Amino acid sequence: MNTPTTFPDNFLWGGALAANQYEGAYDADGKGLSVQDVMPQGIVGPRTEAPTPDNLKLVGIDFYHRYKEDIALLAEMGFKVFRFSIAWSRIFPNGDETEPNEAGLAFYDRVLDELEKYGIEPLVTISHYETPLHLTKTYNGWADRRMIGFFERYARTLFERYGKRVKYWLTFNEINSVLHEPFMSGGINTPKEELSEQDLYQAIHHELVASASATRIAHEVSPELQVGCMILAIPFYPLTPDPRDVWAAKQAERDNYTFGDVHVRGAYPGYFLRKLRDKGIELDITEADRRTLAEHTVDFVSFSYYMSSCETATQQREASGGNLMGGVVNPTLEVSQWGWAIDPRGLRTILNDYWDRWGKPLFIVENGLGARDELVTGPDGTPTVADDYRIDYMNDHLVQVREAIADGVQVIGYTSWGCIDCVSASTAQMSKRYGFIYVDRNDDGTGTLERYRKQSFGWYRDVIASNGASLKA
Ligand code: BG6
């Protein structure tokens, strides 16, 4: 058998976005509110009772009205795939209705028409931090078992409507993030400080069953559909070679592995059951739950990767910044302007680890550098951004993807995060930019919403056109 040594011919190059961070139109055409509409400061500030004008996500980058122009720009870069999420509250405004909102469904028909026009494969996230607000207020989100039924109805509606046009699906964005952000990730209204571990792990169980159930429904609708889980991936390194640090790092990784283990292997791993025992937690797991988990495992594993972190049981803990979860600072790595460790080699490590552990095709569905960009006048007189820092970041990560492929890891594709600038999930800022395309919008909400190609735009177009051959090792 030949192991490819570079990107396979059918490698899916592209980018990713999420409805709540780029669509805007937060109440258009019958859309209901989602948790994001009451999080004007992301996870770094308090929630509000109702949407407030300082919440940048209400307008986002107005993709809802500019999708044609935006998709044309993605096509110009040669995108093979575009990952986006469907806003649950566009389809079921409250989340617990029995009939979907036709106007919401029709919007995504139009988006798919546009993608088809350019031959761009859609990759759809069913739930990306956008739980309908009504579900959090009335049911306490995923803490309530009834959420499984609401999610099943929502997922079935999507598979039946779009199943002939969308092959690749992800159930929950960064499902493991609920451990750290129960409101944003799990729609759980109880304040984090008051939420018991019993309730948190029960909510996690409900999400895992719902994910497996959605996989079942997808395969019922069409055996062609490919469903993946989506994990926030962070390799944890021991801060020192002391075996106690090695064990601490392993435990931190297992918190994340649990989610993939259940999705891929169909049952809770022994180390997780022990953790529950040690904490005195007894979950309500029915026989039907067990069967669902066991019989409807995922077709592939997807993940986001921005950073690695360290753990220690023996040293002073210097907390690192990070993507919804931190660890301990790694003194050997540089960090981004937001304190996230930059570690391209960690991506090769995680690809190898996941492949060795699960043996499922892997899809890198988020990666990129959040940075402050400055708009300057380009050589041809049009505004641009000289974002060589972003090019370096992505080049170095993609070189490691190529290494992992040569190691024998099966990688389906790569969608960089925030391919068009959008509102940050953690800080709700516009100034934390990831895109190849600059959007003229500022943290105070001012700006024309005009789009400008950054230098990374042409760079990525070349990477895609050369199928990775233009990368610099
Ligand atoms: C991931 C999320 O956690 O990281 C995205 O899936 C998010 O929604 C991305 O935007 C980058 O994080 P941030 O906080 O810089 O926007």
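**Exercise 1.** Which residue just after α12 takes a positive phi?

Solution. The model used here is predicted. Just after α12, the residue with a positive phi is Gly359, at about 60 degrees.

**Exercise 2.** Compare the reach of helix α12 with the span expected at 1.5 Å a residue, and list its buried residues.

Solution. 
- Step 1. Helix α12 covers residues 344-358, which is 15 residues.
- Step 2. The buried residues of α12 are Pro344, Gly346, Leu347, Ile350, Leu351, Asn352, Tyr354 and Trp358.
- Step 3. As background, an α-helix has 3.6 residues a turn, so residues three or four places apart point the same way.

**Exercise 3.** Describe how α9 and α10 are arranged, and state which residues meet.

Solution. 
- Step 1. Helix α9 spans residues 243-265 and helix α10 spans residues 270-279.
- Step 2. The two helices pack at an angle of about 120 degrees, and their axes are 10 Å apart.
- Step 3. Angles of 65 to 115 degrees count as roughly perpendicular and those over 145 as roughly antiparallel; α9 and α10 are therefore oblique to each other.
- Step 4. The crossing of α9 and α10 is left-handed.
- Step 5. From α9, Arg254, Asp255, Tyr257, Thr258 and Asp261 take part, and they meet Tyr271, Phe272 and Lys275 of α10.
- Step 6. By class, the residues of this contact are 3 nonpolar, 1 polar and 4 charged.

**Exercise 4.** Describe the crossing of α8 and α9 and the residues that make the contact.

Solution. 
- Step 1. Helix α8 covers residues 197-221, and its axis comes within 10 Å of that of α9.
- Step 2. The axes of α8 and α9 cross at roughly 35 degrees, and the crossing is right-handed.
- Step 3. Ile204, Leu208 and Ser211 of α8 make the contact with Phe259, Val262 and His263 of α9.
- Step 4. The contact of α8 with α9 has 4 nonpolar residues, 2 polar ones and no charged ones.

**Exercise 5.** Locate Ala18, and decide whether Ala18 is buried or exposed.

Solution. 
- Step 1. Ala18 lies in the loop between β1 (12-16) and α1 (19-22).
- Step 2. Buried means under 20% relative accessible area. Ala18 has 0%, so Ala18 is buried.
- Step 3. Leaving aside residues up to four places away in sequence, Ala18 touches Ser85, His128, Glu130 and Trp417.
- Step 4. Arg357 is 339 residues from Ala18 along the chain, and their C-alpha atoms are separated by 28 Å.

Methods:
Residues numbered from 1 in each chain as written. Predicted model: local features only at pLDDT ≥ 70, side-chain atom pairs only at ≥ 80, totals over all residues. Heavy atoms only, no water. Axes fitted to C-alpha atoms, helices over the stretch in contact; angles between N-to-C directions. Helix = DSSP H or I, 4+ residues; strand = E, 2+ residues; numbered from the N terminus. Parallel < 35°, antiparallel > 145°, perpendicular 65-115°, else oblique. Left-handed = near helix turned anticlockwise from the far one by under 90°. Contact = heavy atoms within 4.5 Å. Nonpolar A, V, L, I, M, F, W, Y, C, P; charged D, E, K, R; others polar. Expected span 1.5 Å × (residues − 1). Buried < 20%, exposed > 50% of the residue type's maximum accessible area, 1.4 Å probe, protein only.
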